[in-house]
Amino acid sequence: MSSPPVNPLTVLLAVVFGVSLIGFLRGTDTNDYDFETPLRDLAEGDHGVVRPAVPYWEMRNSPRGDGPVLAADLAALEGAVPSRTDAVDLTGTSKREALADRAEHRAYFGAPPVIPHPVRQQTEAECKACHENGVRISGHQAPPYPHEAYVSCTQCHAMAEPALPWEETTPADPRAVDNSFLGVASPTEGERWTGVAPPVIPHMTFMRERCVSCHGPNGRDAMKSTHPDRQSCEQCHAADASIEQRPGGR
Amino acid sequence: MTTDRRSFLKLAALTAATTAASTAGASSGIDPALAKRMGPGVRWDKAPCRFCGTGCHVQVGVQNNKVVAIAGDVHADVNKGLLCMKGYHVGLILYGEDRLTKPLLRKNGELTPVSWDEALDVIADRVELDPKGFAFYGSGQWTIPEGYAAQKFMKGGIASNHIDPNARLCMASAVTGFIATYGVDEPNGCYQDLDDCDVIITWGNNPAEMHPVLFSRFMDRRSRGEKITLIDMSTRRTRTSAHADHFLRFNPQSDLAIANGILHLLLRNDSWDKDFVEKHVNFRALEADKPSLKGEAMDFEAWKTALDPYTPEYVSEISGVSVEDLHMLADLFGDRDKKITSLWCMGANQHTRGTAMNCLIHGVHLFSGHIGRPGDNPTSLTGQPSACGTAREVGTLAHALPGGRLVAKEPHRTQSEEFWNVPAGRIDPKPGKHTVAMFKSWSTPKSEEGGNIHTIWVQVTNPGQTLPNRNLLMEPGVKDPDKFLICSDVYPTATTEIADLVLPSSMWVEKSGVFGNSERRTQQWFKQVDPPGQARDDCWQIIAVAHKLFERGFEGMKDKDGKFLFHMDNPNGGTFANWDWNRYYDQNVDEHLFEEYRQFTRLKHKDLAPYSEYVKTRGLRWPVVEQPDGTWRETRYRFAEFDDPYVKPGSTHDFYHSTTGDGRAQVWFRPYEAPPEVPDEEYPMWLCTGRVIEHWHSGTMTGRVPQLRGSMPAAYCEINRQDAANLGVSNGDMVVVESRRGAVELPAWIDGRGSPPPGTVFVPFFDERVKINFVTLHEHDPFSKQPDYKKCAVRVRRLEA
Ligand code: SF4
């Protein structure tokens, strides 16, 4: 082994510490009002329950975690990120299920997925804690992002559910009508020249530079690579110029 | 299938025709790589995003006459492949189930389907009733050809100058600021500033939510290891503040004091740019008797004395910004080695001293010499996709003619009449009514004293939701049987609800278009899918009404030779029947109108290239100047010799439209003045209004996109937790926000999307159910006539169940 694998928990704790530090420093700047809201203010109003996102540094002390996905024992984080050298098990979800599962959070193939859990409204630093490498908590997988680290996550990713209880408290929205948009579907597989040739990449690779995010050990079973230890994907798998926004084509 | 094929062939012909007309080697904007394959049979083509003034380019995937996918356009310089959540979901805005598909006329109080022909007749009747009382209200979402057609229809056709865009409510103060400072509108810099600057200062601006792609364009430089300092000046904490190195919260209106405070310290520290000021700057103040944008010369000593009171201590007291932070700002501007880009938008524009504030931001940059090199410029942003291209450049404003001309100027009228080939004297020399005055007149019964506007035709905007103080400006007109409201739109809105005639429109890629974004970039696209039902292009609607009037013998719709005002030659001989919807796409109407409009653009050195050049590119920044080899070159930096071909050689900087005629820009003295309404005992809190990232403008499009509505379904009252505790309010509890003008009820959100300081609440305006503009103030800037949506006094109380 050339270099020891980084312990994912170390990475996570480093991020958590970093974020706490930012929070601490922010608390000490010169502003005349405080911007972090303690949890108790947010718990319950007369008109419904708010599901606030819990800052990660408060999770250990949080009474009920942060919604179903993160309502987990932090101890379960240990060993949560599988290693690239682990044996690969492809027998879980079928590819059809995997693609359907992906499609659920996207308006069309290529759309940024919506965020299926509450997030805090003002900072993005915490997104990385789970989505940089993709931790698994209580059976839920936080998908690692496939693109380079952009700063403003919520620029592209909308929340699947609003952060405020609203249906009960406001009149019906005249705009809440059905939308008949039908998005393009995901490709199911890459073309192979022969049965054994490596498949070409059947989707655009722009903003999907980190192949391992979907095809690595954290990916959905049927989409995983059987050989995650190999690092240079495009050595064998050709991008298809005709579907990339590149000049030329096949 | 047949429709799809037919429309595809039509589009192909349109593309081919334009391509053939352009110079050799031209390809269409269709990306050949994408066009081949992406899923079965998806055809890709370029278009600018429908929403904000950033002007990102998207690739639109179309299958079976429907938009099925969107991709960020990798070849677009603006966004380099990235979009924001609105851009990624822009394709869905076409497909809300309640699209308007039939013309509707109010009969006995009910909107009843009528034929297009009847609808056009109704409009023609209203024009003939009294052409001078017919008004047009449009927006910065008009495409350039649409705005140009409306402009020509009104000023060159029915000779009424009552045409104004909603841009009046959004960037009019930016225009007056540019004119007062440089004598000509629009920024000298461009988005490249965001790549090259060391420091970004946001003046009451939240680009993380409002111009997300521009925000990430500079913030992502941090992830790449570059050092960039963000100074966020705001009246509340926003997502932008969350990324800032310095967050400077200031009291509403005190931005004027802060800018003056910086100038004061530059003087005191002797750190202003003497060389630049000596060569390129004059000092200016308002005339005492009749203040104008031209102002009068101010002696440098007098200017210095006027700034004496703005000591850091005094400014700190007014603004709430610490003395140290004011020094920090002044030290930055005093450092010529730092490249500073200022960004601002509605915070400085929707301001009763908006013109002054715009002038002061330019003034700080000019006086410190932070202007005219990449990364070092004052950059004003716009909210609408073509606020610059259409409202400002085509000049769809009550006082303007295309290309920076004014109705009040004789030579400008004459030139326009020549370009339009209409008889001399056709254009009315008296400016028409600006937005607020237009709706006020419409809401006043006709009498000797006024109220002569009887009809307003609204296109591509939603004044029923966005005009300030609606009780004053709209409700009386709605009730007056002599007043008539026509509204062209794509969905039912707060305006169609009260309109007398509703026309269904095509939107975005259901029609061809050209937009002009915040960095002077003109961007073209082709129609890619058919509109639903009987929905038709806004531009066609204008031409069709014009032709109705022409058929009736209405003089104004004839040119000097008796031809139709919108006459277009048919290449095969005869007249192209552009008023006939079935023939409308036989030729490229946009190209005809654009080429005609292009003649207007030279006067102010805003030269546009031929239409076919824009087909080939992802937009070009004007002035676009033809080179000896026949190619067209865009300009990134105006007034700077290294890039702008119109700068006098050897002058390094040349403000060649200077109001003083000497190539110099004006640095103004504009004092801090208190706002027209401040919180008092009765109404003790500030109200600020604005947008959120999910929704665009009044939310009629984004509200129909499930992913965006799901994330932000309703308006809320953002409140500080101290205030919430005092009111006994928790998250989600209903509160009443009430001003002297009106009240709304909505749920409270403590430190939600943003965090206001104690004593301030924030309410977004996208939610049709919460008409916050019953609460806002209609007081406006004396020069730009732009109202202040950002501050008024309210009281907030818990709504008892
Ligand atoms: S809304 Fe604005 S920032 Fe977002 S994609 Fe469209 S143009 Fe770009």
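Tutor: Let us begin with N64(B), which is exposed, with a relative accessible area of 57%. The terms used here are buried for under 20% relative accessible area, exposed for over 50%, and partly exposed for values in between, taken with a 1.4 Å probe and with protein chains only. This is a predicted model, in which local features need pLDDT of at least 70, side-chain atom pairs count only at pLDDT 80 or more, and totals for chains, interfaces and linings use all residues. Residues are numbered from 1 along each chain as its sequence is written, chains are lettered from A and ligands numbered from 1 in the order in which they are written, and side-chain values use heavy atoms, with hydrogens and water left out.

N64(B) sits in the loop between β2 (57–63) and β3 (66–72) of chain B. Helices (H or I, at least four residues) and strands (E, at least two) are DSSP runs, numbered from the N terminus. The backbone deserves attention at this point, for phi of N64(B) is near 45°, a positive value in a residue other than glycine. Most residues other than glycine have a negative phi, and most peptide bonds are trans.

V460(B) also has a phi near 45°, positive although the residue is not glycine. This valine belongs to the loop between β17 (455–459) and α21 (463–466) of chain B. P623(B) is found in the loop between β22 (620–621) and β23 (625–626) of chain B.

Side chains of opposite charge can pair when their charged atoms come close. A salt bridge is counted here when a side-chain nitrogen of Lys or Arg is within 4 Å of a carboxyl oxygen of Asp or Glu. Over all chains, the structure holds 56 salt bridges. One of them joins D125(B) to R552(B), with 2.7 Å between the closest N and O atoms. D125(B) is in helix α4 (residues 116–129) of chain B and R552(B) in the loop between α24 (538–551) and α25 (589–598), so that distant parts of the chain, 427 residues apart, are linked. D125(B) is partly exposed at 41%, and R552(B) is partly exposed at 31%.

R353(B) pairs with E673(B) in another salt bridge, the closest N and O atoms being 3.0 Å apart. Here R353(B) comes from the loop between α16 (346–349) and α17 (354–367) of chain B and E673(B) from the loop between β25 (665–668) and β26 (685–690) of chain B, 320 residues apart. E673(B) is partly exposed, with a relative accessible area of 30%.

The side chains of R740(B) and E677(B) form a salt bridge as well, at 3.1 Å from N to O. R740(B) lies in the loop between β28 (734–738) and β29 (743–750) of chain B and E677(B) in the loop between β25 and β26, so this pair ties together parts that are 63 residues apart in sequence. R740(B) is partly exposed at 41%, while E677(B) is buried at 10%. There is also a network of salt bridges, which links D77(B), K80(B), E519(B), R521(B), R621(B) and E634(B).

Strand β28 of chain B brings us to V735(B), which has its place there. V735(B) is buried, at 0% relative accessibility. Beyond its neighbours within four places in sequence, V735(B) has contacts (heavy atoms within 4.5 Å) with residues including C717(B), V744(B), L746(B), V796(B) and L799(B).

Finally, the whole chain gives the setting for these details. Chain B has 28 helices and 31 strands. Its C-alpha atoms fill a box of roughly 75 × 70 × 65 Å along the principal axes. Of the 801 residues of chain B, 70% count as buried. Among contacts in chain B between residues at least 6 apart in sequence, 71% join residues at least 24 apart.
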